[in-house]
Amino acid sequence: MFKSLEIFKVSHAMASHAASRQAVVAENMANADTPNYRARDITPFKEIYRSEAGNTAMRVTREGHLGGALEARDASAFESAYEVSPNGNSVTLEEEMLKSVEVKRQHDRALAVYKHSLGVIRTSLGR
């Protein structure tokens, strides 16, 4: 019954995505003064998780099913379209700080979903 719960996979994928995006944001901030450095970002989680066919498409819930896995796919970094400074750098520290706050909220949301789901399971088991 509790062998494979999709909610735990979703919260794991969301937390993993947040960690990947935080790494990219930190790299951007570290290279804020590097000449010709282009700011990068990662596709938002909702766009990665949303299926291309809409919400009616089937999703994989077990490893044996065909069609892939329930994970944050296509989380590769791409260059952001920000204004370039005279030295060729496109990092804006204010934007990166806002992204960092957004990433923290996403990670906290993933942990909240995970903890709440554990609480529901514990309650259903009578513990």
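**Overview. Contacts in the protein, by separation along the chain.** Among contacts between residues at least 6 apart in sequence, 77% join residues at least 24 apart. Contact means heavy atoms within 4.5 Å. This is a predicted model, where local features need pLDDT of at least 70, side-chain atom pairs count only at pLDDT 80 or more, and totals for chains, interfaces and linings use all residues. Residues are numbered from 1 along each chain as its sequence is written, and side-chain values use heavy atoms, with hydrogens and water left out. The protein has three helices and two strands. Along the sequence they follow the pattern α-β-α-β-α. Helices (H or I, at least four residues) and strands (E, at least two) are DSSP runs, numbered from the N terminus. The accessible surface comes to about 8900 Å², and 55% of it belongs to carbon and sulfur atoms. Such areas come from the Shrake-Rupley method with a 1.4 Å probe; for residues, only the protein chains shown count as cover. Of the 127 residues, 26% are buried. Buried means under 20% relative accessible area, exposed over 50%, and partly exposed in between (1.4 Å probe, protein chains only).

**Close-up 1. The largest nonpolar core.** Five residues form this core: Ala-13, Met-14, Ala-15, Phe-45 and Ala-110. Helix 1 gives the most, with three residues. A nonpolar core is a set of buried Ala, Val, Leu, Ile, Met, Phe, Trp, Tyr and Cys residues joined through side-chain atoms within 4.5 Å. Leaving aside residues up to four places away in sequence, Ala-15 touches His-107 and Ala-110. Leu-111 is 96 residues from Ala-15 in sequence, but their C-alpha atoms are 7.5 Å apart. Leu-111 sits in helix 3 and is partly exposed, at 36% relative accessibility.

**Close-up 2. The aromatic pair of Phe-8 and Tyr-114.** The count comes to one aromatic pair. Its ring centres are 5.3 Å apart and its planes lie at 75 degrees, so the pair is edge-to-face. Rings of Phe, Tyr and Trp (its six-membered ring) pair if their centres lie within 6.5 Å; planes under 30 degrees apart count as stacked, over 60 as edge-to-face and the rest as tilted. Phe-8 is in helix 1 and Tyr-114 in helix 3 (residues 93-125), 106 residues apart. Phe-8 is buried at 19%. Tyr-114 is partly exposed at 37%.

Close-up 3. The whole structure has six salt bridges. Each is a side-chain nitrogen of Lys or Arg within 4 Å of a carboxyl oxygen of Asp or Glu. Arg-21 bridges to Glu-102, with the closest N and O atoms 3.0 Å apart. This pair links helix 1 to helix 3 across 81 residues. Arg-21 is buried at 5%, whereas Glu-102 is partly exposed at 44%. Asp-41 bridges to Lys-99 at 3.6 Å. Asp-41 lies in strand 1 (residues 40-42) and Lys-99 in helix 3, so the pair ties together parts 58 residues apart in sequence. Asp-41 is buried at 10%, and Lys-99 is buried at 5%. Glu-96 also meets Lys-99, at 3.4 Å from N to O. Glu-96 and Lys-99 are three residues apart in helix 3, about one helical turn. Glu-96 is buried, with a relative accessible area of 0%.

**Close-up 4. A nonpolar surface patch.** Met-29, Leu-93 and Met-97 make a patch of about 260 Å². Patches are made of residues with over 30% relative accessible area and no salt bridge: like charges are joined within 9 Å, nonpolar side chains (Val, Leu, Ile, Met, Phe, Trp, Tyr) within 5 Å. Met-29 belongs to helix 1 (residues 6-30). Met-29 is partly exposed, at 31% relative accessibility.
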